[in-house]
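This report describes a structural model and the contact between its chains. Please consult the sequence and the coordinates alongside the text.

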Amino acid sequence: MTAFLQLSLTPLLIGALVAATCALVGNFLLLRRQALLGDAISHVVLPGIVLAFVITGAVAAAPMLLGAAAVAVAAVVAIEAVKRLGRVEPGAAMGVVFTTFFAAGVLLLEQTDTSAVHLDVEHALMGNLESLVWFAATGPGSLIDPAALARLPSELPRVAAVAVVVVALCWLFWRPLALATFDEGFARSIGIPVTALGFGLVTVAAIAAVAAFDAVGSIIVIAMFICPPAAARLMTDRLGRQVAWSVVFAVVSAVLGYMLAGYGPLWLGAQDAVSAAGMIAVVSGVILALAVRFGPCRGAPRRG
Amino acid sequence: MTVALSVRGLTVAYAQNPAITAVDADFAAGAMTAIIGPNGAGKSTLLRAVLGLVPRRAGEVAIFGAPLARVRGRIAYVPQRASVDWDFPTRVTDVVQMGLYRQLGLLGRVHRRHRALAEDCLARVGMADYATRQIGQLSGGQQQRVFLARALAQEADLYLLDEPFAGVDAATETAIIGVLKGLRDAGRTVVAVHHDLATVAGYFDRVLLMNGRAIAQGPVATAFTPDALQATYGGRLALAPTAGQGVA
């Protein structure tokens, strides 16, 4: 029990919170044909994070969130500019911008002295979910012990706060977001600020991505933005239920993926555990494959 | 004639190419007006500019004598069907309830009377039996009727429809025109982009003929003439004799 509290509870909680948060936002990105944006943002935030580190000289959440969000918004503006000025299709514009931003981030990282902190490309990709342990836990009593709780990994309150903000924003703007996604022309005609909503959505996606990126690495971010919502779309024809399914799938991926990464290789006779982040992403992919095969709404509706 | 919608000197350009130039038009209140012209004449652009969906380069728009921002709640718009995401997870009844957005706001609860209104609007377009279908599973004509039901739910005074009869079956066309005439008879104003010259006289009270600029407008009897059609369509009007028969 103590071992579970020390080693597994916080990674599980953080993984599940991150997965659910990303999946929630991912539903709207997917429906807006912007699913690639999750991928783009998780790359684009790199220069933002490095810049914030260069300016503040510390790995602190607030400036990094700000830096990442600022760069994400700059990237969205750049994508629009490339699309309009260069007359390029949206996917290509996205690809050009996020590759350039990510490459700039890598160069910046290379030129920055980050030897004192764990800020490197491998960490960015795979995160360090397994290292988010809670050694202050000595037993079930620690769950109500303020001294022990104060020594929880700082990623946990951070991703929890972001989850609360994202849930609140989705709840508040649910109706106009759904309307603007389904029928943009009509949404504009009744006075919904469609462009501002779109920017708001990518900003929220950026905040979710950067909180997740810091805690668990970008591979989970990319997978959770796309796989659970895509699988959920195949389960129902109603937006509310799709979002609910996606959160369930995300949490199942996180918990099952973490467990399989820790114990799966041992069952197969291997010595070492595999990356939890990688396994979580794989599980979400398997869930998507199952939904494609067995989901009740997988028959793609066609216009009549 | 009371004017519901007045357009003065309206010019809209995409990139550098003017789509409509200095259009002057008045749309009579309590009447059904067809906007007619060849492809690329700027008919949809006119509606979109009136609604503020595309920036206008010059000109004024007055709706019931007021600027758009003050009267948005009195306007219902039915876009071309192509602008909609058919794979979106939403049911027919949810689509109709979208027409209640201005009433409900961000977080207003959907009460029984709202659901009853949505049901009633669906019944008026003959789609009551399809309330729980996903929107993409309907035929084109059925989808168009659902969007008309959504416009009805808005309980507007001015209805702007962009090609409501494009790609719909005969039964749907009859149902839609019946609903639109009902709106007109209840004192509402209807403006529709229309393509079928043969049905203009039977469906509409007034016309606006345009091709980049306004060419003729007024009651069908006086404005919908072979000469005006010739001026609108130029040499491309293969339908001139048929259209001529439609002139009252």
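## Confidence of the model

pLDDT is the predictor's confidence in each residue, on a scale from 0 to 100. The model discussed here is predicted, and its overall scores are an ipTM of 0.86 and a pTM of 0.84. Chain B has an average pLDDT of 90, and 94% of its residues score at least 70.

Within chain B, confidence is highest in strand 7 (residues 189-193), at a mean of 97. The lowest value belongs to helix 11 (residues 240-246) of chain B, with a mean of 45. Over residues 240-248 of chain B the pLDDT is below 50, and beyond near neighbours in sequence this stretch makes nine contacts in the model.

## Extent of the interface

In the contact between the two chains, 37 residues of chain B meet 29 residues of chain A. The area buried between chain B and chain A is about 3000 Å², and carbon and sulfur atoms contribute 60% of that area. On the chain B side, B:Phe88, B:Pro89 and B:Tyr101 lose the most area to chain A, together accounting for 21% of what that side buries.

## Polar and charged contacts

Eleven residue pairs are in polar contact between chain B and chain A, with both residues of each pair at pLDDT 80 or more. Two elements of chain B give two or more residues to the side that touches chain A: helix 4 (101-104) and helix 6 (140-153). Helix 6 of chain B supplies the largest share, four residues. By class, the side of chain B that touches chain A comprises 19 nonpolar, twelve polar and six charged residues.

Two salt bridges are found across the interface of chain B and chain A. The side chains of B:Arg150 and A:Asp183 form a salt bridge, with a distance of 2.7 Å from N to O.

## The surroundings of A:Thr181

A:Thr181 lies in helix 7 (residues 155-182) of chain A. Leaving aside neighbours within four places in sequence, A:Thr181 is in contact with A:Leu31 and A:Arg32 of its own chain, and with B:Asp85 and B:Phe88 of chain B. The side chains of A:Thr181 and A:Arg32 are also joined by a polar contact of 2.9 Å.

Is A:Thr181 buried or exposed? The relative accessible area of A:Thr181 is 10%, and the cut-off for a buried residue is under 20%; A:Thr181 is therefore classed as buried. One of its partners, B:Phe88, is also among the residues of chain B that lose the most area to chain A.

Terms used:
Residues are numbered from 1 along each chain as its sequence is written. Chains are lettered from A and ligands numbered from 1 in the order in which they are written. Side-chain values use heavy atoms; hydrogens and water are left out. Contact means heavy atoms within 4.5 Å. Buried area is the accessible area (1.4 Å probe) that two parts lose on being put together, summed over both. A salt bridge is a side-chain nitrogen of Lys or Arg within 4 Å of a carboxyl oxygen of Asp or Glu. A polar contact is a pair of N or O atoms within 3.5 Å; within protein, one must be able to donate a hydrogen and the other to accept it, and residues adjacent in sequence count only if both atoms are side-chain atoms. Ala, Val, Leu, Ile, Met, Phe, Trp, Tyr, Cys and Pro count as nonpolar, Asp, Glu, Lys and Arg as charged, and the others, Gly among them, as polar. Buried means under 20% relative accessible area, exposed over 50%, partly exposed in between (1.4 Å probe, protein chains only).
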